[in-house]
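Have the structure open as we go.

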Amino acid sequence: MDDKQKLIQVLLNTKVNDTNVVKQSERELEECESSPQYPLLLGEIINENQNHQSQIDLIAVLSLGRFINRNYK
């Protein structure tokens with residue numbers, strides 16, 4: 001599984017009903033933010049998955065927005 005597929009899975013896991021899975025996924029996302037590729041991968045996910053049934057594009061947009069707010073104030 002490549003980095004983009006891993007990130008997609010982590011993003012999707014933030015929306016499941018299991019609190020433990022969500023918390024683990026949020027920790028993994030925080031770790032991903034340290035990678036210079038993180039915002040680029042989110043951009044690719046947004047671009048490639050518009051109107052996807054799982055709404056991964058919307059999840060990625062929200063994650064990118066949070067990343068920008070935290071890092072570019």
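Predicted model: local features only at pLDDT ≥ 70, side-chain atom pairs only at ≥ 80, totals over all residues.

**Reading salt bridges and a buried face**

Q: Which residue does the side chain of Glu 44 meet in a salt bridge?

A: The general idea is to look for a side-chain nitrogen of Lys or Arg within 4 Å of a carboxyl oxygen of Asp or Glu. Here the partner of Glu 44 is Lys 4, at 3.2 Å from N to O. The two residues belong to distant parts of the chain: Glu 44 is in helix 3 (residues 38-48) and Lys 4 in helix 1 (residues 3-13), 40 residues apart.

Q: And is Lys 4 buried or exposed?

A: Lys 4 has a relative accessible area of 13%, so it is buried. Its side chain also meets that of Glu 48 in a salt bridge, at 2.8 Å from N to O. This pair again links helix 3, where Glu 48 sits, with helix 1, and the two residues are 44 apart. Glu 48 is partly exposed, at 49% relative accessibility.

Q: How many salt bridges are there by this rule?

A: The count comes to 3. The one we have yet to meet joins Arg 70 and Glu 33, whose closest N and O atoms are 2.7 Å apart. Arg 70 lies in helix 4 (residues 56-71), while Glu 33 is in the loop between helix 2 (19-32) and helix 3, with 37 residues separating the pair. At 46%, Arg 70 counts as partly exposed, whereas Glu 33, at 18%, counts as buried.

Q: Now for the helix itself. Which residues of helix 1 are buried?

A: Lys 4 is one of them, along with Leu 7, Ile 8, Val 10 and Leu 11. For the general idea, an α-helix has 3.6 residues a turn, so residues three or four places apart point the same way. In this case, looking down the axis of helix 1, the buried residues fall within an arc of 165 degrees, so they line one face of the helix.

Q: What covers the buried residues of helix 1?

A: The cover includes helix 2, helix 3 and helix 4.

How values were computed: Residues numbered from 1 in each chain as written. Heavy atoms only, no water. Helix = DSSP H or I, 4+ residues; strand = E, 2+ residues; numbered from the N terminus. Buried < 20%, exposed > 50% of the residue type's maximum accessible area, 1.4 Å probe, protein only. Arc of directions from axis to C-beta. Contact = heavy atoms within 4.5 Å.
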